[in-house]
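Hi,

Here is the structure I said I would pass on. Have a look at it first, and then read on for what turned up.

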Amino acid sequence: MTGQNPGRTDRSREPEGPLVPGGVDAVHAESRWPMAAAVIASAVLTLLLPDDLRLGPRWALPLAEGLLLVALIAGDPGRISRRSTVLRAVSIALVVVLAGSAIWSTIQLIDDLIHGGTETNSASALLLAGGSVWASTVLAFSLLYFELDSGGPAARAQHMPHSPALAFPQQLNPEVSPPNWRPRYIDYLYLGFTNSTALSPTDVMPLAPWAKCVMTLQSIVSLIILGLVVARAVNVLA
């Protein structure tokens with residue numbers, strides 16, 4: 001006998017089942033607005049980029065991102081709780097546009113640094129362009145993690161898998177987390193930022209193969225941007 005109440009269970013270790021009908025509430029469903037703010041910030045950064053670092057006309061990508069975001073908000077406003085194949089496809093399309101734009105800008109920035117571009121002869125212009133590209137990659141990859149981990153935010157609102165693709169400290173050590181803890185967008189933004197600065201996992205461990213591949217790609221992109229841009233800027237100043 002351990003002296004524990006047999007009717008008492010450890011809520012932090014209790015397996016979670018499906019929520020009751022209509023039970024996706026404020027505790028589990030995440031607000032749409034932090035994710036929407038990240039998309040808007042990414043669109044603004046795209047507008048600030050020099051023309052030769054941007055994919056397509058100045059208005060094209062921000063317009064596409066805005067339309068996809070409006071479709072998501074219209075289909076599932078307020079809190080992300082509705083599981084829909086169409087909304088899932090729109091979310092994936094938005095992430096693809098953001099990630100594709102960030103990687104394209106990175107490739108063009110590298111090409112300008114190697115062959116010479118309008119912004120490479122000025123340290124201030126180069127640092128502004130490089131910083132915008134780097135910040136865009138952080139936002140794009142954070143939204144990619146946000147959308148792909150555990151089936152996306154709508155799936156996480158209803159059920160958290162026992163074997164997630166990305167293991168947060170609260171999942172590795174349930175004693176430090178409240179019951180029914182879910183990762184929010186801010187957690188994925190922190191992951192994207194730390195992976196781009198430390199160039200390796202910090203507190204979030206990639207478990208799934210796709211997560212390891214994506215985090216490796218982000219680290220490579222960030223290393224190239226930071227290394228080449230800073231080196232060129234120092235050379236210009238010297």
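Let me start with a charged pair: the side chains of Arg58 and Asp51 form a salt bridge, with an N to O distance of 3.3 Å. Bear in mind throughout that this is a predicted model. Asp51 also pairs with Arg54, this time at 2.9 Å from N to O. Put together, Asp51, Arg54 and Arg58 make up a salt-bridge network.

Asp51 is exposed, with 55% relative accessibility, and Arg58 comes out as partly exposed at 41%. Arg54, on the other hand, has a relative accessible area of 5%, so it falls under the 20% cut-off and counts as buried.

Searching the whole structure gives four salt bridges. One of them joins Arg88 to Glu147, at 2.4 Å from N to O. Arg88 sits in helix H3 and Glu147 in helix H4, so this pair ties together parts that lie 59 residues apart in sequence.

Now for the nonpolar side. As a rule, in soluble globular proteins nonpolar side chains tend to be buried together. In this model the largest nonpolar core has 35 residues, and Met35, Val39, Leu94, Leu143, Tyr145 and Leu166 have the most contacts inside it. Helices H1, H2, H3, H4, H7 and H8 each give two or more residues to this core. The top contributor is H4, with seven.

Leaving out neighbours within four places in sequence, Leu143 is in contact with Met35, Ala38, Val39, Val95, Leu98 and Tyr185. There is also a second, separate core of 14 residues, and its members include Leu113, Ala123, Val138 and Val221.

Thr106 is located in helix H3. With neighbours within four places in sequence set aside again, its contacts are Val133, Thr137, Val221 and Ile225.

Cheers

Note on methods:
Residues numbered from 1 in each chain as written. Predicted model: local features only at pLDDT ≥ 70, side-chain atom pairs only at ≥ 80, totals over all residues. Heavy atoms only, no water. Core = buried A, V, L, I, M, F, W, Y, C linked by side-chain atoms within 4.5 Å. Buried < 20%, exposed > 50% of the residue type's maximum accessible area, 1.4 Å probe, protein only. Helix = DSSP H or I, 4+ residues; strand = E, 2+ residues; numbered from the N terminus. Contact = heavy atoms within 4.5 Å.
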